[in-house]
Amino acid sequence: MIKNIFFDFDGVLAESVNVKTEAFRALYAPFGENVSDKVVRWHEANGGVSRFEKIKTWHREFLGIHLTEVEINEWADRFSDLALQGVVQSQWVAGADDFLMNHSGSYKKWIISGTPDEEMKQIARLRGIADLFIGVHGSPRKKTDWSGEIITTFGLRPNETVFIGDARSDYEAAYAYDLHFILRETPENKTLFNDFKGPRVNDLSSLEQLLVTL
């Protein structure tokens with residue numbers, strides 16, 4: 001019986017993946033269309049990786065530039081300026097808001113995101129959902145690290161815990177601790193999960209019924 005739920009945010013609770021995709025495209029547009037196209041393809045194939053790692057990798061691999069930590073943070077701040085308002089205003093994944101509001105006390109819930117920690121907390125506050133979760137967590141700590149800390153701190157049982165995600169990093173966090181995993185399948189991630197045999201959903205409208213089968 002599922003008692004605990006770890007949610008990714010972008011692409012799982014909110015339809016905000018494309019908002020960030022276009023923000024990354026705009027961020028690298030000054031370097032030319034060839035570079036910005038490479039950035040978007042890499043981003044779509046590596047969902048859940050923090051923006052800091054992405055920016056460092058893209059500059060090194062696509063531009064031959066090795067950024068300092070200060071420079072990485074500066075580029076990440078520019079991205080935040082481009083993306084934040086769009087994420088806050090993005091639509092819910094179908095069924096997500098109903099599930100959260102109707103099951104506020106039915107499950108213990110956390111958000112574990114690749115978005116920077118303070119920014120993810122701000123997004124949750126601005127969308128009015130922060131109080132629905134025991135914790136809202138983000139990068140630079142990895143999702144696997146957050147999952148392990150939450151399991152240990154709250155004494156969660158893996159067979160009573162599910163991670164709902166749309167990225168390989170979500171699946172890897174679930175796999176590391178033998179948690180259930182539900183894939184929110186999208187056109188962008190479908191081919192990345194060809195080998196996944198577990199439950200898939202197009203949205204969260206049937207989540208309540210699915211959870212009782214795990």
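In which loop does Asp178 lie? In this predicted model, Asp178 belongs to the loop between α8 (168-176) and β5. This residue has a positive phi of about 60°, although it is not a glycine. Its relative accessibility is 63%, and therefore Asp178 counts as exposed. With this one position located, the description may turn to the whole chain.

The protein contains nine helices and six strands. Its radius of gyration is 17 Å, close to the 17 Å that the globule rule gives for 214 residues, so the protein is as compact as a globular protein of that length. The C-alpha trace spans about 50 × 35 × 30 Å along the principal axes. Of the 214 residues, 49% are buried.

Phe181 has a relative accessibility of 5%; because buried means under 20%, Phe181 counts as buried. The C-alpha atoms of Phe181 and Gly165 are 7.5 Å apart in space, while the two residues are 16 residues apart in sequence.

Strand β5 also holds Arg184, which takes part in a link to a distant part of the chain. The side chains of Glu15 and Arg184 meet in a salt bridge, with a distance of 3.0 Å from N to O. The two partners are 169 residues apart, for Glu15 is placed in the loop between β1 (4-7) and α1 (17-28). Glu15 is partly exposed, at a relative accessible area of 36%, whereas Arg184 counts as buried at 7% relative accessibility.

The salt bridges of the protein number 15 in total. Another of them is formed by the side chains of Arg25 and Asp37, again with 3.0 Å from N to O. This pair also links distant parts of the chain: Arg25 is in helix α1 and Asp37 is in helix α2 (residues 33-45), 12 residues apart. Arg25 has a relative accessibility of 28% and so counts as partly exposed; Asp37, at 24%, likewise counts as partly exposed.

A further salt bridge joins the side chains of Asp117 and Lys121, at 2.7 Å from N to O. Both residues lie in helix α6 (residues 117-126), and because they are four residues apart there, about one helical turn separates them. Asp117 is buried, with a relative accessible area of 17%, while Lys121 is partly exposed, with 23%.

Which residues form the negative surface patch? The patch consists of Glu71, Glu74, Asp77 and Asp81. One of these, Glu71, is found in helix α4, which covers residues 69-89. Glu71 has a relative accessibility of 31% and therefore counts as partly exposed.

The peptide bond that joins Ser139 and Pro140 is cis, with omega at about 20°. Pro140 is located in the loop between β3 (135-139) and α7 (143-154).

Terms used: Residues are numbered from 1 along each chain as its sequence is written. This is a predicted model: local features need pLDDT of at least 70, side-chain atom pairs count only at pLDDT 80 or more; totals for chains, interfaces and linings use all residues. Side-chain values use heavy atoms; hydrogens and water are left out. Patches are made of residues with over 30% relative accessible area and no salt bridge: like charges are joined within 9 Å, nonpolar side chains (Val, Leu, Ile, Met, Phe, Trp, Tyr) within 5 Å. Accessible areas come from the Shrake-Rupley method with a 1.4 Å probe; for residues, only the protein chains shown count as cover. A salt bridge is a side-chain nitrogen of Lys or Arg within 4 Å of a carboxyl oxygen of Asp or Glu. Lys and Arg count as positive and Asp and Glu as negative; His and the chain ends are not counted. The place of a charge is taken as NZ of Lys, CZ of Arg, CG of Asp or CD of Glu. Helices (H or I, at least four residues) and strands (E, at least two) are DSSP runs, numbered from the N terminus. Buried means under 20% relative accessible area, exposed over 50%, partly exposed in between (1.4 Å probe, protein chains only). The radius of gyration is taken over C-alpha atoms; the globule rule is 2.2 Å times the number of residues to the power 0.38.
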